[in-house]
Amino acid sequence: MVTLPVLTLNQNDMKILSRIVNWYFSRNALPYWCILLIDYTIIIFSGLIAFYFLRGGDAVAHNFWNVLRELLLLLIPYTIAFRIFHTYSGIFRYSSFVDLARLLCAMAVGTVIAYGCSLLIPDDRESLFFSYPSLLIVSLLIASMFMCTLRVIVKTMYDLFRRDGRTKRIFIYGVQNGGISLAKSIRNETPNRYIIKGFISSDSQMRGKWLLGLPVWTEEDDLIGIMQRQHVSILMVSPLQTVHFREQEALINDLIAANIKIMMMPFTAEEWDGKSELRYSQLHEVDIEDLLPRDKIEVDMLAIGRQLNANRVLITGAAGSIGSEMVRQVARFEPREMILIDQAETPMHDIRRMMESKFPNIPCHTIVASITNQTFMEDIFRHYHPDYVFHAAAYKHVPMMEDNPAMAVQNNVYGTRVIADLAVKYGTKKFVMISTDKAVNPTNVMGCSKRICEIYCQALNKAIETTPDSFLQANGRKPCTQFVTTRFGNVLGSNGSVIPIFKEQIAKGGPVTVTHPDIIRYFMLIPEACKLVLEAGTMGKGGEIFVFDMGKPVRIANLAQRMITLSGAQGVEIKFTGLRDGEKLYEEVLNDAEHTLPTIHPKIMVAKVREYDYEQARLNEERLLEASYTYDDMTIVKIMKEIVPEFKSRQSKYEALD
């Protein structure tokens, strides 16, 4: 008994074979005339088969050369049809349903032309082929089948051999334009990094349907089990489905637990417009920020543009997390001039380079200075006369301000008064101050300092409306400035926020420190928060304190656990350290109906707060500023509590003053 050798292909052999296939079916190796020659051969071969089926083998044997001659003549009408539909201009390995449809149309047109020619043949000259429509039709069907099959086989071989050992199986979440665009992008890549095994739809009516030759599953199915049985390791989320996907907390947790990676648009990316080309490379493996539930925020960009376009805009704190995003968003409206102020030199250098690179046509002045430098600030206002001021400069870290109340007063309180007074003096149209949810029933120095800023701006706006003669611009005219305050909670990705700290702790192997197991916080994207600031600034008429709907609160302990799971790190523990000085378990934003009034925007409300007399607000600030230069923490905070009676300290030495 003879044992035949078994042919096996190792990975190197597969790579060589793949290169041969790619070369042979490329445009250069397979020119147009070769494709045409292949199709000619199929037509002749199909004609002989049709003649055999309809006339028998003896007829083929006795009339072979005559039939062959007529089949060669038959190539003329088909050549005309191929030329019309450009069937030979495509590349075999990229054949699509459109190419197959064009090929079938060409074959049908060629057959019609051939039959029309047969009508011109004299009756006394019988044709072996042209005179029989049945032969033409059967030949058409056989040739079309062979041509389509050949193209499908070539494309299948190409798709098979352009995969390598790293190819991963995926599902796509979304069946609309975004999901289809992702699928096409993946299928057109060489070599294939991903194999699509199915789609997931949020619409239960799509259950059991097929898309691009692949099954569509719904959230009602056992998605994790299905994906595991098909060895799917990645779920790609269509940009059009990200908002809905983030709300599927149970599904997200199951995916993470099953070690199935999630890829979606970064939370910092611009929203996909649904029209431009979408490539899967625009997606990335998710960070925790991408998975936090939040609603899509719509703003009236046209109204904002009408106000800011061709005006001078001054932004304080321009190098900070909020301020720098304000710079980018305001610049898109092409203001006449931008004046950017911050005391952080290196970040301001980065802002200068960004503006030169992305907005070179907008005159921009980057000024390194403190807002507490009253003489320099006045020189800036006198020189530029800004039409709009966005005031984002502030010390914001709660523990730092608990230890340094004098700095909270001098920078946050006095700095705001400097900019606000200069805005009135030099004719600024609108002053928008960015505040915080920590100003609501404050429990710490930082929150109280921002509440005092709110009081001053609101009182100043009311005084301008009721007694405009008490305030004059530098040119002697009556003031026109409208003061608007915006108040919101934590923003994702801001400097010193909890998420970057957790990432660093996980990278070091833990532990991840959380102050309390029940502590919750509201989160919002920086771009979303800035859009709402611009919208509120546009709709504000002066004197309002706008509150943003921050969405659903997030339990910090759950956030930490999910970040640990997403990272894949093993053995990282969560350690509870106790509430820090001045820290609340639950932040308040006054977004309930009892304490707010609605606006035309569903995510922006107006807070109903106690109003203060301007003269009293001014005297309070002056007394507080004078006390700040004593650097006596207890004295400073005592005066702050007198100005804001609802300020009750928590976990702090200042509780003795309550």
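Helix axes in this tour are lines fitted to C-alpha atoms over the stretch in contact, with angles running from 0 to 180 degrees between N-to-C directions; helices are DSSP runs (H or I, at least four residues), as are strands (E, at least two), numbered from the N terminus. The model is predicted, with local features requiring pLDDT of at least 70 and side-chain atom pairs pLDDT 80 or more, while totals for chains, interfaces and linings use all residues. Residues are numbered from 1 along each chain as its sequence is written, and side-chain values use heavy atoms, without hydrogens and water.

**Helices α13 and α14**

Select residues 321-331 (α13) and 345-358 (α14), whose axes come within 11 Å and cross at roughly 15 degrees. The two helices are therefore roughly parallel (angles under 35 degrees). Next, display S324, V327, R328 and A331 of α13, which meet I351, M354 and M355 of α14 (heavy atoms within 4.5 Å).

**Aromatic pairs**

The structure holds eight aromatic pairs (ring centres within 6.5 Å; planes under 30 degrees apart are stacked, over 60 edge-to-face and the rest tilted). Select F45 and F146: their ring centres lie 6.0 Å apart with planes at 50 degrees, so the pair is tilted. F45 belongs to helix α2 (residues 32-55) and F146 to helix α6 (residues 133-161), 101 residues apart.

Move to Y173 and F245, an edge-to-face pair with 5.0 Å between centres and 70 degrees between planes. Y173 lies in strand β1 (residues 163-173) and F245 in helix α9 (residues 242-246). Both Y173 and F245 are buried (under 20% relative accessible area, 1.4 Å probe, protein chains only).

Finally, select Y456, F471 and Y614, which ring pairs link into a cluster.

Conventions. Angles under 35 degrees count as roughly parallel, over 145 as roughly antiparallel, 65 to 115 as roughly perpendicular and the rest as oblique. Buried means under 20% relative accessible area, exposed over 50%, partly exposed in between (1.4 Å probe, protein chains only).
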